[in-house]
Amino acid sequence: MADLLIRGGTVVTADSMGLSDVLIGGGKIVQVGNGLETDGTVIDATGQWVMPGGIDTHTHLDHPIERLGVRTADDFYVGTLAGAYGGVTTIIDFSLQARGESLLKARDRRLGEIQPNSVIDYSFHTIVTDVNPESIREVGTLVESGFPSFKVYMTYGDKKVGDGDLLILLEELAANGGLAYLHCENDCAVTHLIEKHISRGETGPAFHASSRPVPVEAEATNRAIMLAEVAGAPICIAHVTSKTVAEHLEKARNRGQPVVGETCPQYLVLNDSVYDPDGGFEVAKFVCSPPIRAADQVEALWSTVEDGLLQQISSDHAPFHYQDQKTEGRGNFTRIPNGLPGIETRLPLMFTYGVKEGRISPSRFVELTSTNPARIFGMYPNKGSLEVGADADVVIIDPEKQVELDAGCLHSAVDYTPYQGLKVSGFPTMTLSRGEVIVQNGEAVAAKGRGRVVQRHRIDPGSLP
Ligand code: URP
Ligand code: ZN
Ligand code: ZN
């Protein structure tokens with residue numbers, strides 16, 4: 001039964017681009033072609049682009065930072081709504097294993113937090129903080145229950161997993177069709193550089209960046225790749241900030257190792273001038289880990305998304321209010337919660353700075369922000385494609401309409417945007433989730449809790465992009 005027709009738009013997928021209609025029925029893609037008809041509703045997409053909905057595999061909604069006694073500013077309702085305004089139709093967030101906690105218990109607790117709230121479809125990676133015989137036994141069950149990806153922090157206080165435990169976990173993932181998603185920074189170096197700054201009275205927010213320079217990230221990335229090779233496990237490197245880091249992935253991929261990498265808009269659109277001490281404490285708005293890099297690294301990073309060295313662009317949406325959350329780190333930069341908001345601005349920023357500026361093709365844009373995330377994390381082709389039978393998750397954008405970014409007009413609860421004042425194009429005029437219009441012309445019509453958990457499949461290292 002066909003009930004919705006998107007007519008006359010330019011359909012852009014990871015493989016092709018051309019004028020086409022899209023017929024939707026029962027929440028699924030029924031047909032893509034020219035001259036299609038329906039008795040149902042017709043959406044006129046003339047002059048607009050019709051694409052698979054955005055997939056953001058790196059969000060931190062309602063995410064606790066126990067050390068600082070704070071949670072991210074967006075809960076699952078507000079955060080997924082902000083995502084829908086920005087053309088996101090699926091997120092993969094995180095469930096956090098408390099020390100000593102069962103991974104399955106952490107999964108069930110997190111499902112209870114997301115299910116009543118999310119307006120779009122969702123899954124999560126399991127953050128493993130405690131590698132022990134019980135958590136290792138649970139890996140296979142988690143994969144089979146549709147959660148095949150596992151986040152590991154190589155630094156970050158009590159979330160850190162050491163090399164020995166990482167190796168044990170990687171072996172278990174390799175044996176069970178799981179994928180490690182790694183935050184790579186050398187913990188000893190970060191700890192040492194922080195202590196050095198603090199002992200010298202260098203406590204302002206700009207010192208966050210100088211305590212986490214590129215080699216700190218590059219070393220850990222290389223170590224993760226080597227350990228993955230030892231274990232025979234596929235891995236995904238989170239938030240790669242620079243070409244220097246990406247070169248380690250390049251070498252591994254050239255050897256045939258199943259390694260994929262992600263970067264984020266903040267590492268492509270901003271540069272380390274945001275850490276100019278003349279910015280005073282407002283520099284804290286840009287405190288994230290790893291930090292934003294120098295302009296020459298940023299330019300070189302673009303080449304890695306152009307030439308296929310990195311495979312996906314996620315937001316790492318970790319929104320903390322400037323007032324009363326970031327400002328808690330006045331007098332000690334280690335007490336500034338790390339992270340930037342970005343779930344709503346990811347697609348427009350990448351469309352503007354990537355496609356409009358001629359750095360990536362429209363199809364590569366879709367591949368980086370939707371299709372590859374689905375392929376890497378076990379959702380393709382049901383998500384991230386417009387293939388017949390796929391979920392009808394569709395975003396329609398106006399490639400010409402320009403918007404000036406302003407925190408007051410965005411939908412995250414957070415009180416600032418790192419992109420204030422930038423002019424971008426490509427905001428959605430419509431977002432559809434499983435054939436249902438959830439945002440139309442800047443108005444959300446999405447019911448709280450309508451999102452569904454995505455049943456993800458085992459990761460086949462051979463099918464990674
Ligand atoms: O600074 C960041 N990115 N915070 C979020 C947590 C993480 O590192 O993924
Ligand atoms: Zn991280
Ligand atoms: Zn993150």
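**Ground rules.** I count residues from 1 along each chain, letter chains from A and number ligands from 1 in written order. In this predicted model, local features need pLDDT of at least 70 and side-chain atom pairs pLDDT 80 or more, while totals for chains, interfaces and linings use all residues, and side-chain values use heavy atoms, without hydrogens or water.

**Entry 1: the zinc ion (ligand 3).** I looked up which protein atoms hold this ion. Donors here are N, O and S atoms within 2.8 Å of the metal (3.2 Å for Na, K and Ca). Water is not among the atoms, so sites may look incomplete. The protein donors are His58 (NE2), His60 (NE2) and Asp316 (OD), at 2.0 to 2.2 Å. I then noted another zinc ion, ligand 2, 3.7 Å from ligand 3.

How far apart in sequence are the parts that His58 and Asp316 tie together? His58 sits in the loop between β6 (54-56) and β7 (64-65), and Asp316 in the loop between β15 (312-313) and α11 (346-356), so the pair joins parts 258 residues apart. Helices (H or I, at least four residues) and strands (E, at least two) are DSSP runs, numbered from the N terminus.

Are these two buried or exposed? Buried means under 20% relative accessible area, exposed over 50%, partly exposed in between (1.4 Å probe, protein chains only). His58 is buried at 0%. Asp316 is buried at 9%.

**Entry 2: ligand 1.** I found 13 residues around ligand 1, with His60, His183, Ser289, Asp316 and Asn338 the closest. A residue counts as near if one of its heavy atoms lies within 4 Å.

Next I listed atom pairs. An oxygen atom of ligand 1 is 3.2 Å from a polar side-chain atom of His60. A side-chain N or O atom of Asp316 lies 2.6 Å from a nitrogen atom of ligand 1. Gly339 puts a backbone N or O atom 3.4 Å from an oxygen atom of ligand 1. Alone, ligand 1 exposes 270 Å², and the protein buries 95% of that (Shrake-Rupley method, 1.4 Å probe).

**Entry 3: cysteines.** How many disulfides are there? I count zero, taking a disulfide as two cysteine sulfur atoms within 2.5 Å. The sulfur of Cys184 has its closest cysteine sulfur in Cys236, 9.6 Å away, which is too far for a bond. Cys288 is in no disulfide either, with the sulfur of Cys264 nearest at 8.4 Å. Cys184 is buried at 3% relative accessible area, and Cys288 is buried at 4%.

Note on methods: A polar contact is a pair of N or O atoms within 3.5 Å; within protein, one must be able to donate a hydrogen and the other to accept it, and residues adjacent in sequence count only if both atoms are side-chain atoms.
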